[in-house]
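The sequence and the structure are shown first, and the description follows.

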Amino acid sequence: MSLIRVALDVPLARLFDYRCDDPAAHIGKRVLVPFGRQKLIGIIVGKPDVSAAPEEKLRRAISVLDDTPLLRRTDLHLLEFAADYYVHPLGSVILASIPAALRRVRTTQQTPAAYGLTPTGNALTVDALPPRARAQRGLLAMLQSQGVVTHATICTAGAATRNALKAFVAQNWVRPVAPEAAVANAGTTAAGPQLTAEQASATAAICEALGTYQALLLWGITGSG
């Protein structure tokens, strides 16, 4: 029986032994293990020959997550000293030394490729939304003009638009659509909004400057479009 000793980010001043027959289970690598009713990512800190835990209580590690170790033995010795010096759980100290994204367990839930309006959302008008809800009004206008908006477009639009999308989903105004719908919509071009005189003048000046090297200063109210 092959064993690994794992440091976990839990408020307990101890390490945890698991069964693991994967030959890639080397010290310093991340490993996904069961812990109670959840799954946690830990760091392999040792490969003991025996465990103090009863054999029947030793659970099996789920998978080794790295091709090469994230931490060297010298790194682990330094982190062990820090945990001892500051009287802090060793697992928490070790896991805090790696990026947060590498400590999170990835779920099988996937981000929708695109979003479209539900019948309820399609019946809305921009004027029905509060005037100060600029992000929501802009998102609704975008969805109504384009039909389908990709997740990448939403992310690029900024935090306010992402929050507006969450609100629309909660109100059942927007639903995820199949990736095929986003691809089909990518080849279509919707008519843009009617420009004001000032916007048209600025657009003309920018278009005239295309292909040349010069600076242009665009002045306007932030968020006005």
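The protein chain contains eight helices and eight strands, and the model is a predicted one. Of its 225 residues, 30% count as buried, and the chain exposes about 15300 Å², of which carbon and sulfur atoms supply 56%. When contacts between residues at least 6 apart in sequence are considered, 67% of them join residues at least 24 apart.

Five strands form an open sheet in the order 2-1-4-3-5, and their pairing is antiparallel. Strand 2 and strand 5 (63-64) stand at the edges with a single partner strand each, so one side of each is left without a neighbour in the sheet. Strand 1 and strand 2 run antiparallel and are joined by four bridges; across this pairing, Val6 stands opposite Phe16 in strand 2, while Arg5 stands opposite Asp17 in strand 2.

In a regular strand the side chains alternate between the two faces of the sheet. Strand 2 is covered on both faces, with Phe16 and Tyr18 on one side, Asp17 and Arg19 on the other, and all four of these residues buried. For Phe16 the relative accessible area is 8%, which is why this residue is classed as buried.

In soluble globular proteins, nonpolar side chains tend to be buried together. In this model the largest nonpolar core has 25 residues, and those with the most contacts inside it are Ile4, Leu8, Tyr18, Val31 and Ile94. Two or more residues of this core come from each of strand 1 (3-7), strand 2 (16-19), strand 3 (30-35), strand 4 (38-46), helix 1 (73-85) and helix 2 (90-96). A second, separate core has 13 residues, among them Leu129, Ile154, Trp173 and Val174.

The surroundings of Val31 can be listed in some detail: leaving aside neighbours within four places in sequence, Val31 is in contact with Ile4, Val6, Leu40, Ile41, Gly42, Ile44, Ala61, Ser63, Val64 and Leu65.

**Aromatic pairs**

A search of the whole structure finds four aromatic pairs, and two of them are set out below.

| Pair | Centre to centre | Angle between planes | Geometry |
|---|---|---|---|
| Phe16 and Phe35 | 5.2 Å | 85° | edge-to-face |
| Tyr85 and Tyr86 | 5.0 Å | 80° | edge-to-face |

Just after helix 8, Gly211 takes a positive phi of about 90°.

How values were computed. Residues numbered from 1 in each chain as written. Predicted model: local features only at pLDDT ≥ 70, side-chain atom pairs only at ≥ 80, totals over all residues. Heavy atoms only, no water. Core = buried A, V, L, I, M, F, W, Y, C linked by side-chain atoms within 4.5 Å. Buried < 20%, exposed > 50% of the residue type's maximum accessible area, 1.4 Å probe, protein only. Contact = heavy atoms within 4.5 Å. Areas by Shrake-Rupley, 256 points an atom, 1.4 Å probe, with all protein chains shown as cover. Phe/Tyr/Trp six-rings, centres within 6.5 Å; stacked < 30°, edge-to-face > 60°. Pairing = 2+ DSSP bridges.
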